[in-house]
Amino acid sequence: MYRKGLAALPNVEVLSPLVTRVLAQNPGPKTLQGTNTYLVGKHPDVVLIDTGEKDCKKYTELLHNVVTSSNLSVKSIIITHWHPDHLGGCPTVRNLLEGEINSENVSLRLNSTDKTDGEIPVYKFPHEYDEKIVPDQKLHPLQDNQIFKVSTDCTLKVVHTPGHTEDSISLHLLEENSLFSGDTILGGSSGDFTNYIQYRKSLSRLQDLGINTVYPGHGQVEEGAVVNKYISHRSSRENQVLAALRADKVQFSVAGLTEKVYENENLHPKLVQSARIIVGLILEKLEVDGTAGRTGEGLWYAT
């Protein structure tokens, strides 16, 4: 969830010899400083991870300047999940990089070594909403454990990490033992999810990788230990929800329980609904565990 006082991030920053972050120019309560997109690889061959929002001229101009000024060759685009702030910019960004258009409608040619018929391939784990977000965009399906040999000394391995969304992936940069986590892990903030049980399993899988560095979909770069912190935070929140149920020995609506759980956290008003979803999903897990139940009217209680 959003936290005030997040550190400012530069629009463009070289994070390692293989990784450059380009902010997608869309800050907000849910996107934090903005969506992080990444150019990954050893010069000149790179892939682009995520593409920001639809028709964001400030971002496409920024990305164009980075790619051309550094003489980079974008081999492919990889999308971490279907949300519009990661997938929505794909058609415009891809067309720009292919040289069909740029922000001023002037032809531009970049030399990608992985294009098919002049097109930069876009890879993504399939989801039913893909067509809604980017109609008519050809997406090559990703598979768990798929390998991308981006350039010399740069190898990305796909790690399917559902939970935030069904199609969420992370990318393991093997040479650095670093991770592009999409929205499964955020920098300087906790994330949300649509399936809590899957999310906990995905965090455990990432924990087993023993990552050194996490490049998140939003927020600052984190050390690999953030995975353990996420697991601890989720366990703590789960215990907090159960403790709230047990403390008053009354039945709660999801909204009422959310208000109790978050009462001391100064929650941003735009994130109240997200918090309710999180509490509701935790309650469903507790129900599976046998520690919570609900009435026919949808009120929750401790068992």
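Here is a walk through some aromatic pairs, charges over rings and helix contacts in this structure. The model is predicted, so local features need pLDDT of at least 70 and side-chain atom pairs count only at pLDDT 80 or more, while totals for chains, interfaces and linings use all residues. Residues are numbered from 1 along each chain as its sequence is written, and side-chain values use heavy atoms, with hydrogens and water left out.

Let's start with the rings. A search of the whole structure turns up 7 aromatic pairs, where rings of Phe, Tyr and Trp (its six-membered ring) pair if their centres lie within 6.5 Å; planes under 30 degrees apart count as stacked, over 60 as edge-to-face and the rest as tilted. One of them joins W82 and Y129, edge-to-face, at 4.7 Å centre to centre and 80 degrees between the planes. W82 sits in the loop between β5 (73–79) and α2 (84–87), and Y129 in the loop between β6 (122–124) and α4 (130–133), so this pair ties together parts that are 47 residues apart in sequence. (Helices, H or I with at least four residues, and strands, E with at least two, are DSSP runs numbered from the N terminus.) W82 counts as buried at 16% relative accessibility, whereas Y129 is partly exposed at 34%; buried means under 20% relative accessible area, exposed over 50%, and partly exposed in between, with a 1.4 Å probe and protein chains only.

Next come Y123 and F148, with ring centres 4.9 Å apart and planes at 75 degrees, so they are edge-to-face too. Y123 is in strand β6 and F148 in strand β8 (residues 147–151), so the pair links parts 25 residues apart in sequence. Both Y123 and F148 are buried.

Now for the charges. K132 lies over the face of Y129, 5.7 Å from the ring centre, and the charged end of R237 sits over the ring of Y262, 4.2 Å from its centre. To qualify, NZ of Lys or CZ of Arg must be within 6 Å of the ring centre and within 35 degrees of the ring normal.

R237 also takes part in a helix contact: R234, R237, E238, V241, L242 and L245 in α6 meet I278, I282, L283, K285, L286 and D289 in α8, contact meaning heavy atoms within 4.5 Å. Helix α6 (residues 226–248) and helix α8 (residues 272–289) pack at about 80 degrees, with their axes 10 Å apart. Axes are lines fitted to C-alpha atoms, for helices over the stretch in contact, and angles run from 0 to 180 degrees between N-to-C directions.
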